[in-house]
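Me: I have a model open and want to go through its fold with you. Can you start with the terms, then take my questions as they come?

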Amino acid sequence: MTASLPTITIGSADPLPAPVAAHAARQFADAGVIILKNLLPAHRVAEFGTAYTERYSTGISAHRIKEVGDDRAMITLSMEGAFASPDIFANPVALSIVAELLGEDFILGSYVAVTSQPGAAAQSDHADQAGLFEDVALDASVPAYSITLVIPLVALNEITGSTRFYPGSHRDPDMEDLTMAVPDAEPGDAILFDSRILHGGQANRSDSPRPILYCTYHRTWYRDVSNFRDMPAVVVDDSTLARMPDAERRLVSWASREAYD
Ligand SMILES: O=C(O)CCC(=O)C(=O)O
């Protein structure tokens with residue numbers, strides 16, 4: 001049996017009106033995932049796709065790459081050029097939902113891409129991080145503290161391989177009677193998911209790499225040591241930080257501070 005996922009169609013680049021953001025947040029809290037259709041114009045996503053290919057197809061230093069499956073790697077992005085664009089990491093629409101869930105003060109805890117290569121097999125089902133307390137019932141009982149915004153740089157479908165989700169699994173310590181949902185996405189659509197939800201990347205049956213951007217927001221006290229003990233979570237230099245408006249700097253300044261102090 002397949003499940004459907006809550007979906008909201010975005011009509012503007014401005015933050016959602018408070019009641020709409022609150023409704024989306026309630027749907028997210030139940031399902032652990034929500035689809036944001038038309039979050040970005042397709043031409044912006046095409047620009048990010050070109051920038052990604054130019055910068056990250058080759059020559060990435062080993063300490064910024066982690067294998068996360070068969071022919072599938074996570075790469076820490078540098079916050080520069082196209083990847084310093086706030087419509088990705090500080091997207092006002094997405095953040096209006098995140099703020100409902102995490103409170104007004106949160107950080108960008110990691111900024112990466114996950115790319116499956118042509119022929120990559122499906123990833124196994126997993127949650128992105130170890131639980132807070134190593135106690136599944138307790139871990140499932142708390143509100144969201146880490147949420148990922150996925151911005152696919154290509155269409156996601158049966159050929160390129162989407163991500164499958166098991167809605168409700170983030171709040172279900174027994175993980176019983178789960179149904180799977182495998183959303184298709186057009187360039188410009190995005191997915192927001194709770195880091196505790198069970199999910200996995202599908203096989204890439206196309207003849208091109210399939211990159212997706214991952215912006216993960218944390219409550220200010222949380223750090224993802226499961227994935228980033230030995231790998232930088234956010235790469236941003238001081239001159240980029242200095243040029244940022246305060247609201248964006250508040251999201252990422254922790255990374256520079258904790259990396260270099
Ligand atoms: O490639 C995907 O669709 C999902 C990747 C993922 O879940 C991960 O790397 O943790």
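Reply: A residue counts as buried if 20 or more other C-beta atoms lie within 10 Å of its own, as exposed if 12 or fewer do, and as partly exposed in between, with C-beta atoms placed from the backbone. Strands are DSSP runs of E of at least two residues, helices are runs of H or I of at least four, and both are numbered from the N terminus. The model is predicted: local features need pLDDT of at least 70, side-chain atom pairs count only at pLDDT 80 or more, and totals for chains, interfaces and linings use all residues. Residues are numbered from 1 along each chain as its sequence is written.

Me: How many residues of strand 6 are buried?

Reply: Seven of the seven residues in strand 6 (residues 146-152) are buried. One side has S146, T148, V150 and P152, the other I147, L149 and I151, and both faces are covered.

Me: Which strands does strand 6 join through bridges?

Reply: Strand 10 (residues 210-219) is antiparallel to strand 6 and joined to it by seven bridges; P152 has I212 as its bridge partner there. Strand 8 (residues 190-194) is also antiparallel to strand 6, with four bridges, and V150 is partnered by I191.

Me: What is the strand order in the sheet?

Reply: The order is 1-2-8-6-10-5-4-3, an open sheet of eight strands with mixed pairing; two strands pair if DSSP finds at least two bridges between them. Strand 1 (7-9) and strand 3 (65-69) are at the edges with a single partner strand each, so one side of each has no neighbour in the sheet. Strand 1 pairs with strand 2 (residues 33-37) in the parallel sense over three bridges, and I8 is bridged to L36.

Me: Switching to the ligand. Which residues are around it?

Reply: They are V68, R72, M74, V114, S116, Q123, D128, T163, H199 and G201, where the cut-off is a C-beta atom, placed from the backbone, within 6 Å of the molecule. Strand 4 (72-76), strand 5 (106-116) and strand 9 (199-201) each give two or more residues to this shell.

Me: Last topic, the whole protein. What are the helix and strand counts?

Reply: The protein has eight helices and 10 strands. Of its 261 residues, 41% are buried.
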